[in-house]
Structure formats: structure tokens, C-alpha cells
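Subject: Structure handover and notes

Dear colleague,

Please find below the structure that I promised to pass on, together with my notes on it. I would be grateful if you could read the notes with the structure open beside them.

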Number of protein chains: 2
Amino acid sequence: MAHNTVVSAIHDAPPLTQILADFVSSHPSRGWTDAVEHEAHRTFLNWVGCAVGAAMHPAVSAALAAMQEFAPPDQASLLGRGTRVDMGSAALLNGISSHLFDFDDTHWKTLIHPAGPVASSILALAEKTGASGREVIDALVLGIDIACRIGCGMYPEHYDRGWHITGSTGAIGAAAACARLLKLDARHTAMALGIAASQPIGLREQFGTMTKAFHPGAAARAGLTAALMASHGYTSSPKALEAARGYMQVVSSRLDWDKVTEELGQRFEISSNTYKPFACGVVIHPSIDGCVQLREAGLRAEEIESVELRVHSLVLELTGKTSPKKGLEGKFSVYHGCAVGFVFGAAGETEFSDEVVNRADIASLRNRIRATPDDDLDETSADVTVVCKDGRRLHVFVEHAIGSYKLPMSDQHLESKFDDLVVPILGFGKAASLKSLCWSLASLNSVHELCEKARN
Amino acid sequence: MAHNTVVSAIHDAPPLTQILADFVSSHPSRGWTDAVEHEAHRTFLNWVGCAVGAAMHPAVSAALAAMQEFAPPDQASLLGRGTRVDMGSAALLNGISSHLFDFDDTHWKTLIHPAGPVASSILALAEKTGASGREVIDALVLGIDIACRIGCGMYPEHYDRGWHITGSTGAIGAAAACARLLKLDARHTAMALGIAASQPIGLREQFGTMTKAFHPGAAARAGLTAALMASHGYTSSPKALEAARGYMQVVSSRLDWDKVTEELGQRFEISSNTYKPFACGVVIHPSIDGCVQLREAGLRAEEIESVELRVHSLVLELTGKTSPKKGLEGKFSVYHGCAVGFVFGAAGETEFSDEVVNRADIASLRNRIRATPDDDLDETSADVTVVCKDGRRLHVFVEHAIGSYKLPMSDQHLESKFDDLVVPILGFGKAASLKSLCWSLASLNSVHELCEKARN
């Protein structure tokens, strides 16, 4: 994975976000000349005239018809909550929720988390339209294929540049999936892809904030909206993805067109999907896995004097926080991941809570871990050496972590993870029903019972 | 204005949008192996577990609270229509409508059309919250300032690369304006700017399709949503604009930080706003103006044998369509602009209708116009020579077109334009009331009467 060449430029950048926010929130009302004040009214008058003048244009009618499909506001379920909301909000909120714990699926070739955008959009749409489970699975496979294939054509440059590739490709995948669910023909599907292409979402700078999880949610809603607009005749460029000033050339400077289309319809990118046993970015997983393995071999955390960790430099670039203060920050600390691996033998959401991150014993152990970048190692590997208080040295080399493409989680392990997440929210009975309905999704007449079981 | 260096790459690009749309719409249901089918269910199960598990997270609560502000769905007016919709849809639809005729305002330094994103978001929000006209004008000036300043920091590279700068900066301007209207403090305003920064909208490839007008609308809705989410405690990076993997460095490779902040609070970018007398992109305006001037000097269209037009190469790059078939395409044809200038002495929305674009006399005149690129001319100029059937040669050089920054439209001319747009939709009485309310916006207690007069 290439190194981002603009990282150094940040040192030249003034704190613009803060400067502009201070200005907007504190500048006095009418703190300008009469000429500025008059120009504001000219701007407003001209804008009103333009908006009124075009009000009956077919584009407004098409967009309005699409927006009206989002009412009334009780169309779709929020998973794990009692509330039902409009399907656009459901797509957004379920997309946020599914990514918040950094526990969702990962397309290993591109680091895309494809279910967030795609499943969030189609479940909401299917609940409203009454689509069958078969149609939902078809849309899921195809939507994920589109997002990941486009990602393959731009990875790694697009990701290195700073795009959160899950959101930036996700809107297009969601649009494809929703277009399929709406049974749009090829021409209207192309329009849906095109409208979605104008909305790439997500910056890596947001990692560690709530906005990271906003990306798949916003992509889900954008894709759903694009498909609905296309279904009502809203037009876009039929070359929106590939044109010189289209999506791919605008958001990536290195492209491999063949990767997008090779073996289309024969190989499906969902086959490269992986699932996380640990609730954080995949780059920390080999390190955590190594610590868990040592614990399972009998090592107790109290015996540890210090830890020597060797990992690819990318691991430290992405997750090098040494002193996290909040749970979310803990997810970007390979030190924290190792510490909870040693202490708990697990790294689920609980181990990334504010409480655990601030525990004295965990902080102490974090501080005794020294990580060294070593680009001779693969990003998927980690080399962990523990120096014990009694002088023993214990070593483990993890070539591929559990949950990686080479060492997938079993169905049983996936079910355990599901139970850990769902039982505390919905209880045993509903969790068991919901799990069973998920496994049999392709044969369900509709998603309604599944959505009902997923509500609290 | 620099030339986009990637234009040639389009020749290598396969027709991806069409290939993928064909695939998504026609691939048979369950057209894959059992292993793929099983992986789809694993993906879905894992996604449901993640979404349920995080359902009660504060981020979901904050986003849900923001989404619930969009109900019930009769909060805000569609200008020029009878319908009221939720404020997010109103922001989207008024933003679309105001840009559809390519007749809205233009910040001449950056080619941003700032009112589309900014005014569309705040009028919808103000109608719901009952904000005063004074507050709306303050938000308008400040939101436009933010969008245009950020644009100044990235122009022209960002635009050259293919971003429709109106949408890509508009979400941030709209977020700033809505944050102001919601009276957010500096910290929450920064969060709003950050959430918006993750949603740059708009590709130049969409020019000539309905999706061009979608860009300011989607930006308006994205900015409004960002401000509402921030107001409910949704967090983003406080360096989202300037960081190495933040907005500006991701969407532009050349940046001028100083341009963003110079004379902040002293000079207001709305002072650089201009208004179009012609319903098309500004680059054609000098050419149209020249043709209108020749007509006003007595030239009749029937006398024209041929026309020699010299313009900057950018004009032909952006608006070089020689044989438009639809009204929207006519807006990207300098030939059509000149033809209607000669025939009608005007280039309003009527002159860019499908009907006029397809008129035989107009097509004939278009075909007799020869345009030559000449980069010794400024982009704001045009040199028009008419060869008459009787052998006369008539010449006009337009240094700055009417409506440009150097030769602004008068208030009276703006009012005529407003009437031309609004009277056919709302009738004389409402149009007059609406116009008067626009001019007195700063002194209105609320925007409710104005919105009522703007409804059909």
C-alpha cells in the first residue's frame, strides 16, 4: 500500500476549520457595509426568481416524486430500536449503526466495508416495497459487486489520497442494489449509477470521530435516493463513472479499468468479504490475535514486563495512538488492542469502551508495549515478543489473523459474534429468531418478519 | 484557467457505466455458486448483528434526533409550487429548481453559484424554525462567504480536475449558514463544517443532464443535515477541512490557504456575486451580448450570411456543442447562444427550450457560425464579425458582457428578469408581492409570508 504523499502538507495548513467556525458563529449580525447588505438582497431576489421560474420543470417533478416516496415517516425499521422512520433515514441510521463498532465486513482487496452502504439501503427499501428475501439477496450480491469492483479499479491510490473508500464507492454500490430491487432497466440503472457517482462520501481524516460511521450511512441514503430519482426519470450522464471529468478520474489519479470488469458475472466480489472477530480496523487484528494466542497458551497479563511488537509501518500510521482517552480512540491504538488481547483474550466492543480504555492496568500495559515498523513484514502479519518479569521471552508470529481471508471465521464463530452483539439489545428469544431469519433470508416472502424481530 | 490534463484519458476508458448497468439489471437471480449464496447470508447476518449491537450508541441517538427534525413532511415550501415538504426535501428541490435554467448567481472568481446551496438550505430551515429575515440574511452572507472562500483556496485546480465547484463547496457553505441560523457555538459549528466536508458533491461530467442541477440541491440538503446533526452532538474531525486527509487536500492538489482567510470579516465574497442576463453558463455571455448588440444596432437575422466568432479556447471546450437537439444541450452551445441572440435579442429560458433549439431557422443560423479559439482573448471577452448577404461586414468586440462583475445588471434589470421568470408561474399580483418581500427580507419577522407568496 503506497504511502500518502501529502501527509507532510498538513504542517503548512492553518487551523481553517476552527477559524471559519469561530467567524461564522461570532461575526456580528449585519457586520458589513450597506453595499454588502444590498448585494445579499440581490442574491436572494435572483435566487427566488430562478427557483420559481423552473418550478414546473420535469426535473423538479421527477425529484419531487422521488422525495414523496420517503413519506410517511414510518416506512422502515431501525435495527435494534423500536422506532420506524422513513426509508432514507433508516438507510442512513442503520448504515451508521452497523459501522460504529468497526465490526462490520471487510472486502480484503480494497478495505471496503460493503454491507454498510448496500445492505442498509436495500433492507430499508425492501421493507417499504415488500420485496422478497430472494430479491434482497440478489441486490446485495450485485450491489456489493459494483462497489468493490469500482474500488478495485482505484485501490490503493484512491484510499491513500484520503478517501474513506467505503463511503466513496458505497453510494454507487447502494444505487446499483436499489436499482436492482426496483427492477430498473439498464438505461435507468445507468442513470442511478450516474446520480450516485456525483456523491462520493467520506474522508479518512474523520477516523476516530462519529463521522467515520456516517460515511456508509450517508452512502446508503445517497444510493437509495439516486435509484428512486432515476426510477422517476431523473437523468445523469451515461458516462458518469468513466468520463474524463467523471467519478473515477476525479477521485483517483491511478486507474485500472480492467479490474472493474474482469470476470464480470463469473466471479463475485462478495466471495472476498471477511468478518472481524475484533471490533476495530483490520490492520490491528494480527497483533491482537498474537496476544490472544499467547494468553491462550497460559500467559497471564500480570507476568508481562514488556512487549516488543513488529508490524508493517501502515499499522502504526493508521493505529499508532499511544494514549487513547476514549473508546473510539482505542480503536486506533494497536497498543490498546494488544493490551486487551492479553488481559481479556478478546477485543469486542466492551474492550473498546471508555471505561476499559481508561483502566489503570490497561494503560500501564499499553505503556510497556514498544512497536517497531518493519516493512519486511506483510500488513496482514504481526510479530509479538513478550518479556516476562521472570526473564522468560515468549514469541509468536502471526502470518494471517483469524477472520482474515486466509483464515475465515467459521459460521459458528460468526454466530457467537452475532449473539454477543444482539442478545444484550434484543434478548435471547428475539436474537435466536433473528439469526434464523437471516440464514433463511433467500426463502422469505418479505423482510417484514425479520425487521419486526430486529426491533426492540 | 488551466486545461484539465486528464481529458485525453477518456479515450482509454471502457463504457463502464453502461457495462455495469447492463450487468446489474440483467444478471439472473441467484446466478452464482452455492458458496457465493452462502457468503451473502454470512455478510447479511454479520451486518444485522453489527447494526443491532450499536443501536443504542450516542451517535445513532444524535443522528436519529436530527432525522426526526425532518418530520412531519409539510415543513417547508417548494418555491413556485403548491406543495410543502420536509425541509430536507425543500432544500434539495429548491436547490435543483434554482439551478435548472443556469440562470442563478455566479461568484465570478470561482464560478461557484453560491445561492443554490446556501439560500435553499436556510430558507427551508427558517420556515420550520420561524427565524427572522435578519437572521436569514446574516446566514446567507456568512454561508456564501465560507463556500466562496474555500473555493478561492482551491480554484482553478479543483474545478479543472472535474469537480462542479458549486456542489463541492456548497455543502460546507450551507452547513455554515444553517449552523449560524441554529445559533450553534464555534465548537458545534466546526462539527457541522466537518460533517459537510465529508460530502463533496458534483462532477462536471454531469453538465447537460438533470444531475448538474442536483448538485446545488444535494449540497443544500447535505449542509442542512450536517448542521442539524452537529446541533444534536454528532462529532467530526475539528481539522476536517485542512488536514492531510481532510477535504481540501483530498479534492484539490493545489491549495492557497491564504486565499481562504485573507480579510476575513472585512471583505465579503458576496460582493463578488454576479447575476446572469442569459440562461446559460457565463462563458457564452460575451458572445451572446455581442450578437444582441448587433441586433440592437439594426441587423436582422435574415441578412446574415455567416458569422466569425473568436473566443478563448475554454469557451469551446465548455460550450462547443454544434448541433444541440435538446434545450439543455443548447446551453452548452455557443453557436445556439449566438443564434438566439441574433434572432430574439434575448437568451432566456424560452430561447433554450427544445422547441427553439429544433427550429429550422435557428439550426441553419447555428450552422453558419464558425468559432475560432484565440487564447489572446480573455475568457470574459468575445469578438463577433458578421458577414451579410449583401457583402457588408459588421464587427463588435465585447470586453465584458452585461451581467459580468465589470458591468453588473442594475436592480431594475434584475427585477425584469425576476418578472420574466416568476409572472408566468405565480401571476402578476403574487410576483409583485414576492419581489417586494425579497427586497425587504432583512426586516421581516419571519419568512412565512414570503414563502406563502412563493407558493402557487
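Predicted model: local features only at pLDDT ≥ 70, side-chain atom pairs only at ≥ 80, totals over all residues.

Residues are numbered from 1 along each chain as its sequence is written, and chains are lettered from A and ligands numbered from 1 in the order in which they are written.

**The two chains**

Chain A can be laid on chain B by a turn of 180° with a shift of 0.0 Å along the axis, giving an RMSD of 0.0 Å, where the copies are superposed by least squares on the C-alpha atoms of residues with pLDDT of at least 70 in both. That is the relation of a two-fold axis, and the same surface serves both copies, since 100% of the contact residues of chain A recur in chain B.

The contact takes 151 residues from chain A and 153 residues from chain B, two residues being in contact if their C-beta atoms, placed from the backbone, lie within 7 Å. On the side of chain A that touches chain B, the largest share, 18 residues, comes from helix 2 (residues 34-53) of chain A; helices here (H or I, at least four residues) and strands (E, at least two) are DSSP runs, numbered from the N terminus. By class, that side of chain A has 92 nonpolar, 38 polar and 21 charged residues, where Ala, Val, Leu, Ile, Met, Phe, Trp, Tyr, Cys and Pro count as nonpolar, Asp, Glu, Lys and Arg as charged, and the others, Gly among them, as polar.

**Helices across the contact**

The axes of helix 4 (residues 87-100) of chain A and helix 2 (residues 34-53) of chain B come within 7 Å and cross at roughly 95°; axes are lines fitted to C-alpha atoms, for helices over the stretch in contact, and angles run from 0 to 180 degrees between N-to-C directions. That makes helix 4 of chain A roughly perpendicular to helix 2 of chain B, a term that covers angles of 65 to 115 degrees. In this pair, A:N94, A:S97 and A:S98 of helix 4 of chain A meet B:W47, B:C50 and B:A51 of helix 2 of chain B, and by class the contact has three nonpolar, three polar and no charged residues.

Helix 1 (residues 16-26) of chain A has as its buried residues A:L16, A:T17, A:L20, A:A21, A:F23, A:V24 and A:S25, and these pack against helix 6, helix 8 (165-181), helix 9 (186-197) and helix 12 (257-261) of chain B. A residue is buried if 20 or more other C-beta atoms lie within 10 Å of its own, exposed if 12 or fewer, and partly exposed in between, with C-beta atoms placed from the backbone.

In chain B, 14 of the 14 residues of helix 4 are buried, so this helix is largely enclosed by the rest of the structure. At 1.5 Å a residue, the 14 residues of helix 4 (residues 87-100) of chain B should span 20 Å, which agrees with the 20 Å between its end C-alpha atoms; the expected span is 1.5 Å times one less than the number of residues.

**Backbone details to check**

Just after helix 4 of chain B, B:D102 takes a positive phi of about 50°. In chain A, the non-glycine residue A:K183 has a positive phi near 60°; A:K183 lies in the loop between helix 8 (165-181) and helix 9 (186-197), and counts as partly exposed, with 13 C-beta neighbours inside 10 Å. A:E263, also not a glycine, has a positive phi of about 55° and is found in the loop between helix 12 (257-261) and strand 4 (273-274) of chain A, where A:E263 is exposed, with 8 other C-beta atoms within 10 Å.

The peptide bond from B:A71 to B:P72 is cis, with omega near -5°, and B:P72 is in the loop between helix 3 (58-68) and strand 1 (76-77) of chain B. A cis peptide bond also joins B:Y155 and B:P156, with omega about 5°, and B:P156 is in the loop between helix 6 (133-154) and helix 7 (157-161) of chain B.

With kind regards

Key: Parallel < 35°, antiparallel > 145°, perpendicular 65-115°, else oblique.
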